[in-house]
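These are my notebook entries on one structure. I looked up a few residues and the surroundings of the ligands.

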Amino acid sequence: MTIMKGSSAAAGADLLRVRNLTVTFAGRRSATWRRPGAVVAVNDLDLDLTSGETLGLVGESGSGKSTTARAILRLLRPSGGTIEAAGFAVGAFGRRVPLEYRRAVQAVFQDPLGSLDPTKVIGDILAEPLAVHFGLRGTERDRRVATLLDQVGLAGHHLRRYPYELSGGQRQRVSIARALAVEPKLIILDEPVSALDVSVQSQVVNLLEDVQERTGVAYLFVAHDLAVVRHACDRIAVMYRSRIVEEGPADRICEAPAHPYTEALLAAVPDPDPARQRIQRTRRREMRATAPVGAVPAAGCPFASRCPHRMPVCTESFPDWSPVTGGGRVACHLHSGSPTTPEET
Ligand SMILES: Nc1ncnc2c1ncn2[C@@H]1O[C@H](COP(=O)(O)OP(=O)(O)OP(=O)(O)O)[C@@H](O)[C@H]1O
Ligand code: SF4
Ligand SMILES: [Mg+2]
C-alpha cells in the first residue's frame, strides 16, 4: 500500500505517538440495572504511526479499539498517558479542540447514516467543511465538491441526494470524501467497512488505498477481524481486553503470529487449505467456549483463561515485551527472553 510495508515504524513515528494511554470509565448505573466499579477500557497503550502509513488496530468486541480512537480524536479525555498527533500535544487541549487539530485528524465511523446529517443533501454535507476550514464559497467551493465526489467514485447526481437515498457503500464514500475535504494528515477509520456487504467492503478498502496513494494521508484502521485489514495495512497492532498484546509488520503478523490470541484471530479468517480449516474450526470452537466474562484479571496475562499454552507464570505477572524475528514485538511469556520466531514455541 505504501513504502512503509514490511517495516516497523515505531522508531521514526512522526505523525502519531501515543504513550501509556489509559482510559477508565466509571461504573454505569441505571434505574433497572447497576454496574458498580470502574472499567479500564484502555490500559498502558503505546502506538506509533508515520506519515502515509496504515496501522491496523485489531481485536474482539470490547477490547478498547474505539476508546483508543476516541481518545486520539479528543472525543474523550484519557485518565493517563500522552498523545502527540500531527504536531499537537492533545493532552494540552482545553474544552475546545483547536480547529487546526480537527482538520489534521479526521474520522470515518462504521455507521455513516449516523454520522451524516440526515437533513442535508450530499452537496451541502461536503460543502460545509470547505466553508468552515478554508472559507470557500460559490463556484470555487462547488468545483472542489465536484472533485471530491469524483475522487470517491460517485457521480454528480449524488450531490442532490440525501444520505438515506444512498446505499451503505455510497454513504461510506461520502464520509471518506467529507474527511478528505479538509486535507487531513491522518484519518481514523473506526470499523469503516464492518457494516457493508463483503463485496462492497473490498471496493471501499480499494478506494481508501487509492486515496492514500494520491494524497499521502495516514490511516489508523480499526477492525475486529484480521481478514479486513490484512492487505490494507503496513503494520498491525492486536488488542485484547484493553491492552496491545502484539504488533508488527502486517505480513509477519498474519503469516507468523507470535501471540496465541493473534493465532486465534487468524483462525476466524477462512483458509483455503482443508487441513488448516479443520484446525481453525477447533480453535474457533475453543474461543467461543471460553469467551471472557467479568473484569480483566488484575494480575497476569489477560488471555490466560482462554490460552491453550497457559503456564503457571501466566496468571502471576503481565508479560514484558519481547522482540519477534521478522519484526515487531509480543507480550507473552512463551516468548520471554531472547528474540524468537513463532515456530520455536
Ligand atoms: N462510555 C462508556 N462508559 C462505560 N464503559 C464504556 C464506555 N465506552 C466503552 N466502554 C467499555 O469499554 C470497553 C471497551 O469498549 P470499546 O467500545 O472501546 O471496544 P471496541 O474494541 O471498540 O469494541 P467493538 O468491536 O464492539 O466496537 C468495553 O468494556 C465497553 O463496555
Ligand atoms: S502469556 Fe501465557 S496465557 Fe498469555 S498468551 Fe502467552 S502463553 Fe498464553
Ligand atoms: Mg468499537
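In which loop is the place of Arg241? I found Arg241 in the loop between β9 (235–240) and β10 (243–249). I take helices (H or I, at least four residues) and strands (E, at least two) as DSSP runs, numbered from the N terminus.

Conventions. The model is predicted, so local features need pLDDT of at least 70 and side-chain atom pairs count only at pLDDT 80 or more, while totals for chains, interfaces and linings use all residues. Residues are numbered from 1 along each chain as its sequence is written, chains are lettered from A and ligands numbered from 1 in the order in which they are written, and side-chain values use heavy atoms, with hydrogens and water left out.

Entry: whole protein. I noted eleven helices and twelve strands. Of the 345 residues, 48% count as buried; buried means under 20% relative accessible area, exposed over 50%, partly exposed in between (1.4 Å probe, protein chains only). I took contact to mean heavy atoms within 4.5 Å. Among contacts between residues at least 6 apart in sequence, 64% join residues at least 24 apart.

Entry: positive phi. Arg241 has a phi near 45°, a positive value in a residue other than glycine. Arg241 is buried, with a relative accessible area of 14%. I found a positive phi of about 50° at Ala86, which is not a glycine either. Ala86 lies in the loop between β4 (80–85) and β5 (88–89) and counts as buried at 12% relative accessibility.

Entry: Ser63. I placed Ser63 in the loop between β3 (54–58) and α1 (65–72). Its relative accessible area is 3%, so Ser63 is buried. Leaving aside neighbours within four places in sequence, Ser63 is in contact with Ala41, Met239, Tyr240, Arg241 and Ser242. The side chain of Ser63 reaches the backbone oxygen of Glu60 at 2.7 Å. I count a polar contact as a pair of N or O atoms within 3.5 Å; within protein, one must be able to donate a hydrogen and the other to accept it, and residues adjacent in sequence count only if both atoms are side-chain atoms.

Entry: ligand 1. I listed 14 residues around ligand 1, the closest being Ser61, Gly62, Lys65, Ser66 and Thr67. Near here means that a heavy atom of the residue lies within 4 Å of the molecule.
- a polar side-chain atom of Thr67, at 2.5 Å;
- a polar side-chain atom of Lys65, at 2.8 Å;
- a backbone N or O atom of Gly64, at 3.0 Å.

Entry: ligand 2. Which residues surround ligand 2? I found His259, Pro260, Cys301, Phe303, Ala304, Cys307, His309, Cys314, Pro319, Cys332, His333 and Leu334. This shell divides into nine nonpolar, three polar and no charged residues. Ala, Val, Leu, Ile, Met, Phe, Trp, Tyr, Cys and Pro count as nonpolar, Asp, Glu, Lys and Arg as charged, and the others, Gly among them, as polar.

Entry: Gly300. Gly300 is in the loop between α11 (274–289) and β11 (321–323) and is buried, with a relative accessible area of 8%. Not counting residues up to four places away in sequence, Gly300 touches Cys314, Thr315, Glu316, Ser317 and Phe318. I noted 4.2 Å between the C-alpha atoms of Gly300 and Phe318, which are 18 residues apart along the chain.
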